[in-house]
Amino acid sequence: MRSLRAVLFTALSLALLWVGTIASAQQITDEQRAFHDRWLTTAQRAETVLNTKRASDASLEQLRAEIATYRDRFNVSRTRNSDRIETLQSQLEALGPAPEDGATEVADIAQLRQRLTEQLDNLRVPQVISEEAHSRANGLISEIDSTIWDRTKRELLARGPSPLNLALWPEAYRETRLALQRLYHETIENFAIGSVRAQMQDRLPAIIGMMVIGLILLFKGKRWSDRFGNYLRALGGAGSGVWTFVVSLTRILIPWMGVVFISGALQFTGILGVRGTLLLQQIPYLAAVFLYLDWIRRQIVTYAEINDPEGPVATKATQYRIYVGLLALSLILQELIRLFERIDNPSDGTLAVISFPLILATGLVLLRMMRLRKSKADETGEPDEEGRKVGFSSVISLVQRIVYLLGVLSPILAAFGYVAAADAIVFPAVETIALLATLVILHRFASNLYGWVSGKGEAAGDSLLIVVVGFLLAVLALPVLALIWGARFAELKEVWSTLMSGYEVGGITISPTIFLVFAAVFTIGYTMTRLLQGGLRNSLLPKTRMDAGGQNAVVSGVGYIGIFLTALLAIVSAGIDLTALGYVAGALSVGIGFGLQNIVSNFVSGIILLIERPISKDDWIDVNGQMGYVRDISVRSTRIETFDRTDVIVPNSDLISGTVTNFTRGNTVGRVIVPVGVAYGTDPRKVETILSEIANDHPMVLARPAPSVVFQGFGADSLDFEIRAILRDVNWVLSVKSDMNYEIARRFAEEGVEIPFAQRDIWLRNPEALAGAPAPEADTAPQPAKSPATKPVEFTDGDMGEGDDY
């Protein structure tokens, strides 16, 4: 009865849980259905707008942003409840396949299967809907981007009226003058209104205060910046260039704040009309452009005057100042022309006429600056030392050529009526030059700052950290460069979103987040592994009885295992599927088997060396004729230091498969053999006694086993003896051999024992040939006819005999 009650209670609990789950799922589905209905309305409106092709670019951008918001919501929804869905699928797999062919299933299992299936369906419906909506949103965004890009392309490639057409000039003059008159009349009319004048009188103290503050900041900023720089230099780091850079920033920031106060005071008067207000709102931006370019000019000239006083930049600083000012003025005038186009909507002919002189002047200034920017390599034929040091010489040369080409091309395009294309080329070229100069200045500042902090000075410019900083600056400059050349912010945001969501390659999703997690985990694990190796090498292992070779093997093994486990943990932490990596590893195994078999062989041999340790660090070995001490055993190769202090890298496979002589394996005890010869007629026993005394008296010779003297035999020139002794340390074998030879020479001289040298007796068969005399008559031996003038005396092997007298 109790068991029946327990079963009923469990069934009732499951039923209530199931009903609650269904209700919750239905509630979520209702909310999602309402959101989906709003999305359908937006998508239908977007499709209608794209079909009519009448919406402006601003309307399309707004519509795109709205669709992107829906897409982000769908992107989250399509991955929601993924863990719960996976759990339900696992539960259904655990129940096994459903019975077929009308077979009945146990009632409890059938109910459980039905309940799990319904829950799975309720969770899958939002995912399916979100997946479809996400795909549709992506398609609409792509269509909007294509529409905007097509319009931009048509505008750039469209040919308008040529500014060289003199018939357009009177109309351009009339429209420009009319715009200026409207600006003047709006201001006068506003000032004539009593309420505006009364308002200005009420605000007069604030207006005067803002004007005074702005003028003080504008004219006193330089002096204040210099005082601030002197205060900073008193803190240290004088001469490093760090505080000079900081002061240069204050020199543009303080005057710019003065311009902001002055423009704010003018706006606070309220006497300006719509055109005046719009123009005044651009003043801070235009002032920032001028100050920014002048800051770049001062940084480049200052650096050139210090490091290259004879260079083209330092010697022509005045011309650089003029040309940079003209480029800044061209950018300011270009912004004013755009403002004129936005407010008064002039004709295409007017825009072409007023834009052409500006484009032409900007192109000429660029060409002139490129000629002034010639390096010493162009003038003297010698390589540019600065460019070679930094490594940017080739990049700078390429940028010079591109800018030169753009400077020539832009006025030509404008002259033929392609004013929009010329405008989209020449001014971005100026901004690109400014951006590149900024990167160089920031990179130099980072080098100076690191050199000051680290104490390395100018040598810090060659460090790895500064190279990495330069790479990061270049990466961060890419979006800015894209915006300069016409990329839309929405497109960059799209690229960033795609980059953050990751790319799927071979079933593996690669994204910056995954990369950063992998790098962080691997760095932490690698650092901990190195710390563990250092603790074992310096603290724990030296206190054991393990030899140096065994300690090195343990430390190396811990390092390899730690790095392997760290890489595995980093892969798992980053969310990379190891199954996909297994497929990749299986595919790579074929290439490893054929192309990397030598590397794999050396790797396996290195592991065998670390485990079996047939050789250890500091062993004296001889392998393939290379003799020396083992200094390092790595996974791929072993480094041997020969006796002439050269390093020989031996593949580990040679140490495993080849013949290796280890003179110090296990211990350093070894034998020395010292050969010596004495003249014939010397008492051998006397020689034996002398040699035995010499061997026993040397401190490196072991008493047990005792050294021995061997009478080897009768040589061609001497009686041959050998001293054979066991040394305490075979590493001293050459020194011991040398000491014994010195002692042998001294004792033999005292005892009158002669050390012979090789002698040869030569017998001449025809001695009369040396004097050129005829052969004696008594000699009946047949002699061949010889002429001393034509045939010299011959010494053949048959004519000579060792030990023969003549």
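## Reading strands and helices

Modeller: Start with one pair of residues. D632 has R639, in β5, as its bridge partner. Keep in mind that this is a predicted model.

Biologist: How do strands of a sheet pair, in general?

Modeller: Strands pair through backbone hydrogen bonds, either parallel or antiparallel. Here, β4 (residues 626–633) and β5 pair in the antiparallel sense. The pairing runs over five bridges.

Biologist: How many residues lie between β4 and β5 in their hairpin?

Modeller: Three residues lie between them.

Biologist: Is β5 mostly covered or mostly open?

Modeller: Mostly covered. Of the six residues in β5 (residues 637–642), five are buried.

Biologist: What is the strand order in the open sheet of five strands?

Modeller: Read it as β6-β5-β4-β3-β7, with antiparallel pairing. β6 and β7 stand at the edges. Each has a single partner strand, so one side of each is left without a neighbour in the sheet. From one strand to the next, the twist averages 40°.

Biologist: Let us walk along that order. How many bridges link β5 and β6?

Modeller: Five, in the antiparallel sense, with β6 covering residues 647–651. To place the pair, find S637: P651 in β6 stands opposite. The hairpin of β5 and β6 has four residues between the strands. Within that hairpin, R645 takes a positive phi near 65°.

Biologist: And which residue has a positive phi in the turn between β3 and β4?

Modeller: That is N624, with a phi of about 55°. The hairpin of β3 and β4 has two residues between the strands. β3 (residues 620–623) pairs with β4 over four antiparallel bridges. I621 stands opposite G628 in β4.

Biologist: What pairs with β3 over three bridges?

Modeller: Strand β7 (residues 660–662), again in the antiparallel sense.

Biologist: Now the open sheet of three strands. In what order do the strands come?

Modeller: The order is β8-β10-β9, with antiparallel pairing. The edge strands are β8 (670–678) and β9 (708–714), and each pairs on one side only. Neighbouring strands are turned by 25° against each other on average, direction ignored.

Biologist: How many bridges join β9 to β10?

Modeller: Six, and the two strands run antiparallel. β10 covers residues 719–727. In that strand, R724 is the bridge partner of S708.

Biologist: Which strands does helix α24 touch?

Modeller: Helix α24 (residues 684–697) packs on the sheet and touches β8, β9 and β10. Its direction makes about 25° with that of β10. Helix α25 (residues 733–751) lies across β8 and β10. Against β8, α25 runs at about 30°.

Biologist: On to helix length. What span does α16 reach from its first C-alpha to its last?

Modeller: Compare the span with the one expected at 1.5 Å a residue. Helix α16 (residues 419–454) has 36 residues and reaches 52 Å, close to the expected 52 Å. Just after α16, G455 takes a positive phi of about 80°.

Biologist: Where does α12 bend?

Modeller: The bend is at S355, by about 30°. A proline, P357, follows within four residues. The span of α12 (residues 348–372) is still close to the expected 36 Å: its 25 residues reach 36 Å.

Biologist: What does the side chain of D423 make a polar contact with?

Modeller: With the side chain of Q334, at 3.5 Å. Leaving out residues up to four places away in sequence, D423 touches Q334, R338, I359 and P428.

Biologist: One more. In which helix is T566 found?

Modeller: In α20 (residues 548–573). T566 counts as buried because its relative accessibility is 8%.

Biologist: Which residues is T566 in contact with, leaving aside neighbours within four places in sequence?

Modeller: They are V521, F522, G525, Y526 and T529. Find T566 in α20, then look for those residues around it.

How values were computed:
Residues are numbered from 1 along each chain as its sequence is written. This is a predicted model: local features need pLDDT of at least 70, side-chain atom pairs count only at pLDDT 80 or more; totals for chains, interfaces and linings use all residues. Side-chain values use heavy atoms; hydrogens and water are left out. The expected span of a helix is 1.5 Å times one less than its number of residues. The bend at a residue is the angle between axes fitted to the seven residues ending there and the seven starting there. Buried means under 20% relative accessible area, exposed over 50%, partly exposed in between (1.4 Å probe, protein chains only). Two strands pair if DSSP finds at least two bridges between them. Contact means heavy atoms within 4.5 Å. Axes are lines fitted to C-alpha atoms, for helices over the stretch in contact, and angles run from 0 to 180 degrees between N-to-C directions. A polar contact is a pair of N or O atoms within 3.5 Å; within protein, one must be able to donate a hydrogen and the other to accept it, and residues adjacent in sequence count only if both atoms are side-chain atoms.
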